[in-house]
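Please look over the fold of this protein and the surroundings of its ligand. A short report is what I have in mind.

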Amino acid sequence: MIHFEQVSKNYPGGFTALKNVSFRLERGEMAFLTGHSGAGKSTLLRLISLMERATVGRVAINGHDLRKVGRKQVPYLRRDIGIIFQDHRLLLEKTIFDNVALPLYIEGYTQGEARKRVQAALDKVGLAGKERHFPMMLSGGEQQRVGIARAIVNKPPLLLADEPTGNLDPKLSMEIMRLFESFNDVGVSVLIATHDLGLIARMRYRTLSLKEGEMISDGLAHQGEAHHE
Ligand SMILES: Nc1ncnc2c1ncn2[C@@H]1O[C@H](COP(=O)(O)OP(=O)(O)OP(=O)(O)O)[C@@H](O)[C@H]1O
């Protein structure tokens, strides 16, 4: 699903955010991506979602070599990727329904089709019945669930999450992780960037670790390996 081959990323100005990174995430696999602040986690996710391009090396997503993807094709490729941000980026003046329906409207779904999909997505994240609420009427954990519903509403085969539990307490964080697990159970590939090592240790999934832009380990993380921020 994701294939990095000796990928480096230099930002304009010369800063090297990723150095010679290689890994593969198979279809249907779930893994964590960890490392200190500034280690390159968000940069790696931005290369997958085509918000940035690799300077050197090859990134392939779902069999597509991203070097061959022109600017006009980017929106089509992005449809296969659901992205969840720490700050969930909801539109505050729009209802929960409209926030979740947004990707469907962009793709040209009719109102009727969109309604069914939005209801199914809200159901999956445990927010059925909140369609007419506005984001500010929901708790932080619920807002994050809306962000997840929006990411999965068009059933992408790949989910990327950038610090999805950064603002949540341990119990809510675990609930969000269980939600990711439920999508993974039905075949969705999931990559979650986080520096919450307690959470990673409890979940026991493959963990890719970045340090100063280099992939320093790949495997099951142990609590003893914890980085300290
Ligand atoms: N657009 C940019 N232009 C220049 N430098 C950048 C840009 N984006 C990120 N960087 C630099 O690249 C490095 C890696 O950033 P990145 O956001 O990928 O790290 P991160 O591991 O996600 O950190 P955090 O956990 O703090 O989000 C940082 O030193 C950052 O300052």
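Predicted model: local features only at pLDDT ≥ 70, side-chain atom pairs only at ≥ 80, totals over all residues.

Numbering starts from 1 along each chain, as its sequence is written.

**Overall shape**

The protein chain holds 7 helices and 10 strands. Helices here are DSSP runs of H or I with at least four residues, strands are runs of E with at least two, and both are numbered from the N terminus. Along the principal axes, the C-alpha atoms fill a box of roughly 45 × 40 × 35 Å. The radius of gyration is 17 Å, which agrees with the value near 17 Å for a compact globule of 229 residues. That radius is taken over C-alpha atoms, and the globule rule is 2.2 Å times the number of residues to the power 0.38.

Of the 229 residues, 38% count as buried. A residue is buried if 20 or more other C-beta atoms lie within 10 Å of its own, exposed if 12 or fewer, and partly exposed in between; C-beta atoms are placed from the backbone. Two residues are in contact if those C-beta atoms lie within 7 Å. Among contacts between residues at least 6 apart in sequence, 68% join residues at least 24 apart.

**Strands**

An open sheet of 4 strands runs in the order β2-β1-β4-β5, with antiparallel pairing. β2 (16–25) and β5 (64–65) stand at the edges with a single partner strand each, so one side of each has no neighbour in the sheet. Strands count as paired if DSSP finds at least two bridges between them.

Strand β3 (residues 30–34) is mostly covered, with 4 of its 5 residues buried.

| β1 (residues 2–10) | β2 | 6 bridges | antiparallel | H3 and R24 |

**Core**

The largest nonpolar core has 59 residues. Such a core is a set of buried Ala, Val, Leu, Ile, Met, Phe, Trp, Tyr and Cys residues joined through C-beta atoms within 7 Å. I48, V100, A149, L159, L160 and F180 have the most contacts inside it. Helix α5 (residues 140–152) gives the largest share of this core, 5 residues. Leaving out residues up to four places away in sequence, V100 touches V118, A121, L122, V146, A149, R150 and V153.

Helix α1 (residues 41–48) is mostly covered: 6 of its 8 residues are buried. They are K41, T43, L44, L45, L47 and I48. After α1 comes L50, with a positive phi near 65°. M51 sits in the loop between α1 and β4 (56–61). M51 is partly exposed, with 13 other C-beta atoms within 10 Å.

Which residues surround the ligand? They are Y11, G13, F15, A17, G35, S37, G38, A39, G40, K41, S42 and T43. By class, the shell has 4 nonpolar, 7 polar and 1 charged residues. Ala, Val, Leu, Ile, Met, Phe, Trp, Tyr, Cys and Pro count as nonpolar, Asp, Glu, Lys and Arg as charged, and the others, Gly among them, as polar.

How values were computed. Near = placed C-beta within 6 Å.
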